[in-house]
Amino acid sequence: MLIKVLGPGCKNCQTLEKNVREALSRLDLDADVEKVTEYADIMAHGVMSTPGLVIDGQVVSYGRVPSPGQIVELIQSR
C-alpha cells in the first residue's frame with residue numbers, strides 16, 4: 001500500500017502525516033508513506049487545496065485533516 005500526503009509542509013500537512021501513521025498503527029499495517037511537497041506534483045493529482053491524501057493512486061481527501069479514525073475507515077474501504 002502506498003499512501004501519499006500532499007502538501008507544502010504546513011502544520012496541517014504535518015498533522016495529516018501524523019494521523020496517517022497513527023491510523024496505520026491502529027490497523028497494524030505496514031505501508032509506504034510518501035510526502036509530496038512540490039506544487040506541480042500535488043496538482044498532477046488534481047488537488048488544488050492541501051493537505052491531500054492519496055491511497056494507492058486514488059485521492060481520498062483534500063482541503064481538510066481527517067482524524068486517525070477517519071483515515072482507518074478510508075483505508076478499510078479500499
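**Entry 1: Thr50**

I began with Thr50, which sits in the loop between helix H2 (39-44) and strand E3 (52-55). The model I am reading is a predicted one. Is Thr50 buried, partly exposed or exposed? Its relative accessibility is 29%, so I logged Thr50 as partly exposed. I then listed its contacts, leaving aside neighbours within four places in sequence. Thr50 is in contact with Leu6, Gly7, Pro8, Ile42 and Gly63. I also checked Thr50 against Ser67: they are 17 residues apart in sequence, and their C-alpha atoms are 15 Å apart in space.

**Entry 2: strand E1 and its partners**

Next I looked at strand E1 (2-6). I found it mostly covered, with four of its five residues buried. Which way does E1 pair with E2? I noted the parallel sense, over five bridges. I picked out two positions along this pairing. Leu2 has Asp32 in E2 as its bridge partner, and Ile3 stands opposite Val33 in E2.

I followed the chain from E1 through H1 to E2 and recorded a right-handed β-α-β crossover.

I then turned to E3. E1 and E3 pair in the antiparallel sense, over four bridges. Here I noted Leu53 in E3 as the bridge partner of Val5.

As a reminder to myself: in a regular strand the side chains alternate between the two faces of the sheet.

**Entry 3: helix H1**

I checked the length of H1 (11-27). At 1.5 Å a residue, its 17 residues should span 24 Å. The end C-alpha atoms of H1 are 24 Å apart, so the two values agree.

Which residues of H1 are buried? I listed Cys13, Leu16, Glu17, Asn19, Val20, Ala23 and Leu24. Looking down the axis of H1, I saw these buried residues fall within an arc of 165 degrees, so they line one face of the helix.

The buried residues of H1 pack against E1, strand E2 (32-36), E3 and H3. On the face turned away from the buried side I noted the exposed residues Lys11, Lys18, Ser25 and Arg26. Just after H1, Asp28 takes a positive phi of about 55 degrees.

**Entry 4: Asn19**

I went back to one of the buried residues in helix H1, Asn19. Its relative accessible area is 8%, which is under the 20% cut-off, so Asn19 counts as buried. What does Asn19 contact, leaving aside neighbours within four places in sequence? I wrote down Val65, Pro66, Ser67, Pro68 and Ile71.

**Entry 5: the cores**

Last, I looked up the nonpolar cores. The largest has 14 residues. Those with the most contacts inside it are Ile3, Leu16, Val20, Leu24, Leu53, Ile71 and Ile75.

Not counting residues up to four places away in sequence, Val20 touches Ile3, Val5, Val33, Leu53 and Ile71.

I also found a second, separate core of five residues, including Leu6, Val36, Ile42 and Val54. Two of these names, Leu6 and Ile42, were already in my notes as contacts of Thr50.

How values were computed:
Residues are numbered from 1 along each chain as its sequence is written. This is a predicted model: local features need pLDDT of at least 70, side-chain atom pairs count only at pLDDT 80 or more; totals for chains, interfaces and linings use all residues. Side-chain values use heavy atoms; hydrogens and water are left out. Helices (H or I, at least four residues) and strands (E, at least two) are DSSP runs, numbered from the N terminus. Buried means under 20% relative accessible area, exposed over 50%, partly exposed in between (1.4 Å probe, protein chains only). Contact means heavy atoms within 4.5 Å. A nonpolar core is a set of buried Ala, Val, Leu, Ile, Met, Phe, Trp, Tyr and Cys residues joined through side-chain atoms within 4.5 Å. The expected span of a helix is 1.5 Å times one less than its number of residues. The arc is that of the directions from the helix axis to the C-beta atoms. Two strands pair if DSSP finds at least two bridges between them. A crossover is right-handed if, with the strands pointing away from the viewer, the path from the first strand over the helix to the second runs clockwise.
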